[in-house]
Amino acid sequence: MDLMTPTLLKKLHQYILNDAVDKFYRLKVWRDLRLIALRRDDYKCQYDKRLGLDTKADTVHHIIPVRDNPRLALRLSNLESISKSNHNREHPEKLEKEKKFMNEERW
Ligand SMILES: [Zn+2]
């Protein structure tokens, strides 16, 4: 399943250029597809599953990151359900960014 269209791809390229990829995650097409991925994975963290653990997934991760290959952003086979803690570990750069935000914007 791949819900990417030329129009959406253009939009996504624009988001990436503007450092506004968060806009992609607000699109209905993404919200719908992430639910399909979670249902496919039975709302289980696929990382922990590989370790024989049974953990709830609440996040959907792009195996090949959106910025690396926007064409794969809406391809179901590029998506994996993952727990929040594993996802944060997978994206240390995101946490750093948030910390920076806290330090610079809040204090
Ligand atoms: Zn991710």
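**Notes on the zinc site, the core and the strand pair**

1. His 87 has a relative accessible area of 11%, and it is therefore classed as buried, since the cut-off for that class is under 20%. His 91, with a relative accessible area of 15%, is likewise buried. The model is a predicted one, and the values in this note should be read accordingly.

2. Which residues coordinate the zinc ion? The donor atoms are ND1 of His 61, NE2 of His 87 and NE2 of His 91, at 2.0 to 2.1 Å. Along the sequence, the spacing of these donor residues is H-x25-H-x3-H.

3. His 61 also belongs to strand E1, which comprises residues 59-62. Both faces of E1 are covered: Thr 59 and His 61 lie on one side, Val 60 and His 62 lie on the other, and all four are buried.

4. E1 runs antiparallel to E2, and four bridges join the two strands. Within this pairing, Ile 82 of E2 stands opposite Thr 59, while Ser 81 of E2 is the bridge partner of Val 60. The residues of E2 are also buried on both sides, with Leu 79 and Ser 81 pointing one way and Glu 80 and Ile 82 pointing the other way.

5. The largest nonpolar core has 22 residues, of which Met 4, Leu 12, Phe 24, Val 66, Leu 74 and Leu 79 touch the most other members. Two or more residues of this core come from each of helix H1 (6-17), helix H2 (28-40) and strand E2 (79-82). The greatest contribution is that of H1, which gives five residues.

6. What does Phe 24 touch, when residues up to four places away in sequence are not counted? Its contacts are Leu 12, Tyr 15, Trp 30, His 62, Val 66, Ala 73 and Leu 74. Of these, His 62 is also one of the buried residues of E1, and Leu 12 and Tyr 15 are among the buried residues of H1.

7. H1 consists of twelve residues and spans 17 Å from its first C-alpha to its last, close to the 16 Å expected at 1.5 Å a residue. Its buried residues are Leu 8, Leu 9, Leu 12, Tyr 15 and Ile 16. Viewed down the helix axis, these buried residues fall within an arc of 115°, so they line one face of H1. In an α-helix, residues three or four places apart point the same way because there are 3.6 residues a turn.

8. The face of H1 turned away from its buried side carries the exposed residues Pro 6, Thr 7, Lys 10 and Leu 17. H2 is included in what covers the buried residues of H1. After H1 comes Asp 19, which has a positive phi near 55°.

9. Is Asn 86 buried or exposed? Its relative accessibility is 7%, so Asn 86 counts as buried. This residue lies in helix H4, residues 84-90. Apart from neighbours within four places in sequence, Asn 86 is in contact with Cys 45, Tyr 47 and Asp 48. Cys 45 is 41 residues from Asn 86 along the chain, yet their C-alpha atoms are separated by 8.4 Å.

Note on methods
Residues numbered from 1 in each chain as written. Predicted model: local features only at pLDDT ≥ 70, side-chain atom pairs only at ≥ 80, totals over all residues. Heavy atoms only, no water. Donors = N, O, S within 2.8 Å, 3.2 Å for Na, K, Ca; no water. Buried < 20%, exposed > 50% of the residue type's maximum accessible area, 1.4 Å probe, protein only. Core = buried A, V, L, I, M, F, W, Y, C linked by side-chain atoms within 4.5 Å. Contact = heavy atoms within 4.5 Å. Expected span 1.5 Å × (residues − 1). Arc of directions from axis to C-beta. Pairing = 2+ DSSP bridges.
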